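This briefing covers strand pairing and salt bridges in one structure. The sequence and model are shown first.

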Amino acid sequence: FSCYLMVVLLYLKKQEETAHYIIHIMWYRGEYMGCENLAGMKFAHLLVLKRDEMKKILFIINSLGGGGAEKALIEFLRHIDYTRYEVSLCLVFHEGCYLSDVPPEVRVFWLYERERNFVHRKSLKLYRNHGIRTLLRLRARRKIRGHYDAIVSFLEGDALLFHDMVRDRAERNVAWLHCDLRLFHWTRKTFRSDRDEELAYGRMDTIVFCSHITQVSFERMYRIDVPKTVIYNIIDGDSIRRQADAAVVPHDGFTITAVGSLSEVKSHDRLVRVARMFKDAGYRLRFQIVGAGALEEPLKRLRDELGLQDSVRFLGFRKPPYPFMKASDVFVSTSKSEAASLVICEAMTLGVPIVATRTSASEEFLADDRYGIVTGHSDVEIFEGLRRMVDDETLRAHYREQGFKRTELFSAEQTMRQFEALL
């Protein structure tokens, strides 16, 4: 009985090789030495055989920081059927605010302990300056062992670079894009050249995009003869609304909220300058920015230089941000590039009217002002779009209703069916 129990525990801990070894010994003893617990051993054997029949999937992502793609992956992992799939997650860097949110069924490992890592920095420099990938490849192949039914790089950049080095370890290789690279080609800091990146995508079996417009943009940039498909991110509306109701945020004035990392692509500096324009026009509004990042201090300096300490607040990273979003009168996005903005979809789920700069995400999800206002990227255009929403309560009520209707697009069941079809 103790051997049988040990096999079950090893199975649960995903140590299949050791379990197989013990089963072979038990099987020999059971068949040829008259072991009384033969039924138990057969059951343990069936458990391991069942695990062998499960499809093995490896996801690779740069880290689990507070970005939209990372959040989308966590939501995706929560909806996987773990009776059918054995899932591993490889982080290029073992860091991020969503580490504790990974479901317990997922085996997590990493290539480097943190992003500012001496070994990674030197290895990447050798590749970028001289085209030598040896050190990066050795790290990837030493850490990513075994064979998988599918490997999915769930983000651009580092995730794809390392995926390309181990693609022989999977039956199918899938690259997932969460960014419009034509508008914001941030992966140039990883790949030595655009040609290297194009070749990496060309060696995949399927490329997945989180919006149709992102796919069109990618195809204008890279002409790759690889099957492509669009799979929307999962928006769990019931969960979002429950979390929004879990805390009460005071509403002490007309509030405009932005949510996102304080990074170049989110362009929160535009919103700070627009806040000054509203103040000059005689409006008394509150602007709040939920998020953290490298540009926090420069943005706060800009706010102070413009004399907006009383009307622009930086709330830092909030998990979840939904209570602050729900307590808002308008949600705003000033991003340079968004492939499939989760926060836009979440704002619609919470019934908050939206004003967003023109990106792949806003064009597709807001559909030419049908579900929210889409503006140009200049400060004046953002100001005018926001002013329309601020001045017109009837318009805000209209977009609240339209937003609720639009969220039907992001069905978890449909997304999981599409994903399983890839395998």
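Is Asp245 buried, partly exposed or exposed? Asp245 is partly exposed, because its relative accessibility is 49%. The model is a predicted one, and a search of the whole structure finds 26 salt bridges.

**Strands and crossovers**
- Strand β5 (residues 170-177) is largely enclosed by the rest of the structure, because 6 of its 8 residues are buried.
- β5 pairs in the parallel sense with strand β4 (residues 148-153) over 5 bridges; Ala150 stands opposite Arg172 in β5.
- Together with helix α7 (residues 158-165), β4 and β5 make a right-handed β-α-β unit.
- β5 also runs parallel to strand β6 (residues 206-209), joined by 4 bridges, and Leu177 has Phe209 in β6 as its bridge partner.
- From β5 the chain crosses through helix α8 (residues 194-202) to β6, in a right-handed β-α-β crossover.

**Salt bridge within a helix**
- Arg195 and Glu198 form a salt bridge at 3.3 Å, N to O.
- Both lie in helix α8, 3 residues apart, so about one helical turn separates them.
- Arg195 is partly exposed at 49% relative accessible area, whereas Glu198 is buried at 17%.

- Asp101 and Lys319 form a salt bridge, with the closest N and O atoms 2.6 Å apart.
- This pair links loops 218 residues apart: Asp101 sits between β2 and β3, Lys319 between β10 and α13.
- Asp101 counts as buried at 19% relative accessibility, and Lys319 as partly exposed at 41%.
- Lys326 and Asp245 meet in a salt bridge at 2.2 Å, N to O.
- Lys326 lies in helix α13 and Asp245 in helix α10, so the pair ties together parts 81 residues apart in sequence.
- Lys326 is partly exposed at 43% relative accessibility.

Note on methods
Residues are numbered from 1 along each chain as its sequence is written. This is a predicted model: local features need pLDDT of at least 70, side-chain atom pairs count only at pLDDT 80 or more; totals for chains, interfaces and linings use all residues. Side-chain values use heavy atoms; hydrogens and water are left out. Buried means under 20% relative accessible area, exposed over 50%, partly exposed in between (1.4 Å probe, protein chains only). Helices (H or I, at least four residues) and strands (E, at least two) are DSSP runs, numbered from the N terminus. Two strands pair if DSSP finds at least two bridges between them. A crossover is right-handed if, with the strands pointing away from the viewer, the path from the first strand over the helix to the second runs clockwise. A salt bridge is a side-chain nitrogen of Lys or Arg within 4 Å of a carboxyl oxygen of Asp or Glu.
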